[in-house]
Amino acid sequence: MRSINPDGSVTARARSLLYLLDKPLTPEEISQKLGQPLFHVKTSLREMVFFQIIDQKGERFVITEQGREKR
């Protein structure tokens with residue numbers, strides 16, 4: 001499943017993830033909070049890091065300023 005639409009906007013699923021990242025979370029924590037399989041979360045995280053909507057800090061992920069604008 002894609003997290004970023006062709007026009008650069010985020011999907012509803014990705015928006016839910018962005019709201020969680022007001023504090024740094026691990027993929028496992030995100031998966032648990034969203035009730036989504038870990039492999040879906042990891043796929044979304046990779047895509048969102050690529051588009052610089054989120055950033056990885058060690059094992060945790062945080063929202064970037066660009067990500068805040070997309071929420």
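Predicted model: local features only at pLDDT ≥ 70, side-chain atom pairs only at ≥ 80, totals over all residues.

Biologist: OK, what does the protein average in pLDDT?

Modeller: The average is 93, and 99% of the residues score at least 70.

Biologist: And where is confidence lowest, and where highest?

Modeller: Helix 1, residues 12–20, has the lowest confidence, with a mean of 92. Strand 2, residues 60–63, has the highest, at 97.

Biologist: Let's stay with helix 1. At what angle do the axes of helix 1 and helix 2 cross?

Modeller: Roughly 115 degrees, and the axes come within 11 Å. Helix 2 covers residues 27–34.

Biologist: Is that crossing left-handed or right-handed?

Modeller: The crossing of helix 1 and helix 2 is right-handed. Helix 1 brings Ser16, Leu17 and Leu20 to the contact, while helix 2 brings Ile30, Lys33 and Leu34. By type, that's four nonpolar residues, one polar and one charged.

Biologist: New topic: Glu47. Buried or exposed?

Modeller: Glu47 counts as buried, because its relative accessibility is 12% and the cut-off for buried is under 20%. Glu47 sits in helix 3, residues 38–50.

Biologist: What lies 3.5 Å from a polar atom of its side chain?

Modeller: The backbone nitrogen of Ile4.

Biologist: And where is Gln36?

Modeller: Gln36 is in the loop between helix 2 and helix 3. Its side chain makes a polar contact with the Arg13 side chain, at 3.4 Å. Setting aside neighbours within four places in sequence, Gln36 touches Arg13, Ser31 and Val41.

Definitions and conventions
Residues numbered from 1 in each chain as written. Heavy atoms only, no water. pLDDT = per-residue confidence, 0-100. Helix = DSSP H or I, 4+ residues; strand = E, 2+ residues; numbered from the N terminus. Axes fitted to C-alpha atoms, helices over the stretch in contact; angles between N-to-C directions. Left-handed = near helix turned anticlockwise from the far one by under 90°. Contact = heavy atoms within 4.5 Å. Nonpolar A, V, L, I, M, F, W, Y, C, P; charged D, E, K, R; others polar. Buried < 20%, exposed > 50% of the residue type's maximum accessible area, 1.4 Å probe, protein only. Polar contact = N/O pair within 3.5 Å; in protein donor to acceptor, adjacent residues only side chain to side chain.
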